[in-house]
Amino acid sequence: MRQRVFDGYVDYIQIMDENGNIDSSLYPKDLGDVDIVNMYRNMSFARALDAKSLSLQRQGRAVTYAPLVGEEATQIGSAMALRKGDLFMPNFRQHGVFLSRGMPLDLFFLYWRGFEEGNIIPEEVGGFPVCVPVGSQMPHAAGVAFAQKYTKSGKVVIGYVGDGGTSEGDFYESINFAGVFKLPLICLIENNQWAISIPRSMQSAAQTLAQKGFAAGINVIQVDGNDVIAVYKAVKDAILNIENGPTLIECMTYRMSMHTTSDDPSKYRSDDEVAKWKAKDPIERVRKYLISKSLWNDNLEAQMRDAQSKAIDSAVEKAESFKPNPNSIFDNVYSYMPTALKEELDEAVANNFYQ
Amino acid sequence: MNTNMVGALNNALDIIMSNNSNAVILGEDIGKDGGVFRVTDNLQSKFGANRVIDTPLAESAIIGASIGMAISGMLPIAEIQFAGFMYMGYDQIINHAARYRSRSRSKFTVPMIIRTPVSGGVRTLEHHSDSPEIYYSHVGGIIVVEPSNPYDAKGLLIRASKMKDPVIFLEPTKLYRLFKQEIPDDSYDVPIGKASLVEEGDKLSIITFGTMVPLVKSIVAKRHLSADIVDIRTINPLDTATIIESAKKTGRVVIVHEAQTSFGVGAEISARIAENAIFELQAPIVRVGSHSLPYPFPGYENYYIPNEIKISKAIDKVLSA
């Protein structure tokens, strides 16, 4: 006997194309003109923030930085689909998510200046600290989702992971865990096509990364990750459907810039490929749409840029005026100060080790 | 050739790959990109993509698959991009690389090398500055090596490729390009399990390794001290004889490493000196390392790792006792 025991498929959705044309059959009903303008503002803000961070790093005023340029729609669309109180677990490139969720920008800059104080994330942001080891944040996301289910908080958790991260055991283990317990988890793969120098094609032989969700028995979908409306819809639908278990969303986007400021993409990828993706820019298409509907003009653009640039400059100023307290590295190791650690601190202070 | 540590390691890998057709290099971004620190630069174009292998982003698979290759007669040389990411493959190292020989009474062996950059002082993001040598040394069956200069780096790596055991090869990021040295073009070995007496003196012994070696040398030079500087080079198995000989000669010992002091390699060295030479000591042994807390973000790292002041005060303490 031979019979088919599993039959899966992955849908791909795009709602706004590269020219700003809308597929009205898929357009989310809850999304008004004001919302699209807000998405546009947030995406532009994220790009401005990114450019500023890059320039600070180049001037030696920030540590190694991971640019987000090109991935604004994936980050802003998903963050804006979350409800008040919903939670997110970032990797290390989700600056746009932090921004949309109201992260004070001076804290963002403080983190990228190399201070733990930048991770003192206000409760209302609903985010957890930047997580550097690729994929290792996903089991935490599953655990946070477990806690929401356990406490019946009604909150949904979104965990961000990159295309490279889907190769890690932690990724499989966490979506499997979430599937077994039907956790309120959305696993969002920010597929920017490159894990440093490794292209998506060398990361996995799977045709889509979304289909990895089949192995965990969870819902899957692939979206145009440069289409902020499609990303928004996918996340919104996953939230509405959360009673039926977790969803894995693969967002097809592109890392327009380097992996981090330590990386040189010219060693491993062609300018042609970058140019091809530049034509699919996530912000440009929204601007075209807004202008076509007379919701945007040069004057509004100029006002927005001016306001954003002022907000960024004042946040940088605040972050740069931060004075580190060396004792804080001792004060935050345990819930109490063990005698042995206190002795180390006293010795360091008494001997003026770090003048 | 006149080269820095990156060049020396690249040259050693080139020699190993040329001399052993069963050797492969595998890891993340080691092919076209040449590794994030360029240690494997140009090796893929020379040896081909089937021998210099860009892997998916999965440390446990890189290390576990290397074990599988090793028990099948190959010589895998894995690169883990940063030591802080190597914990993803820790299970494979401790449960399998370390135990395969023992569990099969040497029927199955794991000749492999895992290279990874270690230690800080270079303002990196979290998890890029760890000094994890003790985690791999506290289990028998694994060799742990850490060079502090281009000459040793090349010779130790070539020597590691001839061992029939798993070797964890720790490369201090800060020293990758800090200075150049004249080293032989040809293949040569630096023995594993043998410390190096970097400088000789008679007033005190400074036992150290890794990032701290150049710093200790500069302090000794600046203060015109007559000191033995012992660079242990191999952390496990430790060259106890060289350490004890120096301790007995000078009677005063300072141990310096970048990893945290408590439960560190210095504790082991100190214990061996105490066990073997305590009656010849003129002063209590002093250890200098980092504080007992996680490696902080770059804004605070200068308050964490040993610096000139801290090492110098330790030297004063031992000399004045």
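Predicted model: local features only at pLDDT ≥ 70, side-chain atom pairs only at ≥ 80, totals over all residues.
Two residues are taken to be in contact if their C-beta atoms, placed from the backbone, lie within 7 Å.

**Chain B as a whole**

- Chain B contains 11 helices and 14 strands, and its C-alpha atoms fill a box of roughly 60 × 40 × 40 Å when this is taken along the principal axes.
- Because a compact globule of 321 residues would have a radius of gyration near 20 Å, the value of 19 Å for chain B agrees with that expectation.
- Of the 321 residues in chain B, 56% are buried, and among the contacts in chain B with a separation of 6 or more, 77% are accounted for by residues 24 or more positions apart.

**The seven-stranded sheet of chain B**

- An open sheet of 7 strands with mixed pairing is found in chain B, where the order is S3-S2-S4-S5-S7-S6-S12.
- At the edges of this sheet stand strand S3 (52-54) and strand S12 (234-236) of chain B, each of which pairs on one side only.
- On average, and with direction ignored, neighbouring strands of the sheet are turned by 20° against each other.
- Within the sheet, strand S4 (residues 75-79) of chain B pairs with strand S5 (residues 112-118) of chain B in the parallel sense over 3 bridges, and Ala78(B) has Ile114(B) in S5(B) as its bridge partner.

**A further strand pair in chain B**

- Strand S13 (residues 253-260) of chain B and S14(B) run parallel and are joined by 4 bridges; the bridge partner of Ile255(B) in S14(B) is Arg287(B).
- Strand S14 (residues 286-290) of chain B is largely enclosed by the rest of the structure, because 5 of its 5 residues are buried.

**Helices H9 and H10 of chain B**

- The axes of helix H9 (residues 240-250) of chain B and helix H10 (residues 265-277) of chain B come within 10 Å and cross at roughly 60°, and the crossing of H9(B) past H10(B) is right-handed.
- On the side of H9(B), the residues that take part are Thr240(B), Ile243(B), Ile244(B), Ala247(B) and Lys248(B), and these meet Ile269(B), Arg272(B), Ile273(B), Asn276(B) and Ala277(B) in H10(B).
- By residue class, the contact of H9(B) with H10(B) divides into 6 nonpolar, 2 polar and 2 charged residues.

**Contact between the chains**

- In the contact between the two chains, 33 residues of chain B meet 36 residues of chain A.
- Helix H11 (residues 308-320) of chain B gives the most to the side of chain B that touches chain A, contributing 3 residues.
- That side of chain B is made up of 15 nonpolar, 9 polar and 9 charged residues.

- After H4(A) comes Gly114(A), whose phi is positive, near 95°.
- Val130(A) lies in the loop between H4 and helix H5 (138-150) of chain A, and counts as buried because it has 22 C-beta neighbours inside 10 Å, where the cut-off is 20 or more.
- Leaving aside neighbours within four places in sequence, Val130(A) is in contact with Pro90(A), Phe92(A), Tyr111(A) and Asn119(A); from Asn91(A), Val130(A) is 39 residues apart in sequence and 5.7 Å apart in space, C-alpha to C-alpha.

**His140 in helix H5 of chain A**

- His140(A) is placed in helix H5 of chain A and, because it has 17 C-beta neighbours inside 10 Å, counts as partly exposed.
- Not counting residues up to four places away in sequence, His140(A) touches Met89(A) and Phe128(A); His140(A) and Phe128(A) are 12 residues apart in sequence, with 9.7 Å between their C-alpha atoms.

Note on methods
Residues numbered from 1 in each chain as written. Chains lettered and ligands numbered in written order. Helix = DSSP H or I, 4+ residues; strand = E, 2+ residues; numbered from the N terminus. Nonpolar A, V, L, I, M, F, W, Y, C, P; charged D, E, K, R; others polar. Pairing = 2+ DSSP bridges. Axes fitted to C-alpha atoms, helices over the stretch in contact; angles between N-to-C directions. Rg over C-alpha atoms; globule rule 2.2 N^0.38 Å. Buried ≥ 20, exposed ≤ 12 C-beta atoms within 10 Å, placed from the backbone. Left-handed = near helix turned anticlockwise from the far one by under 90°.
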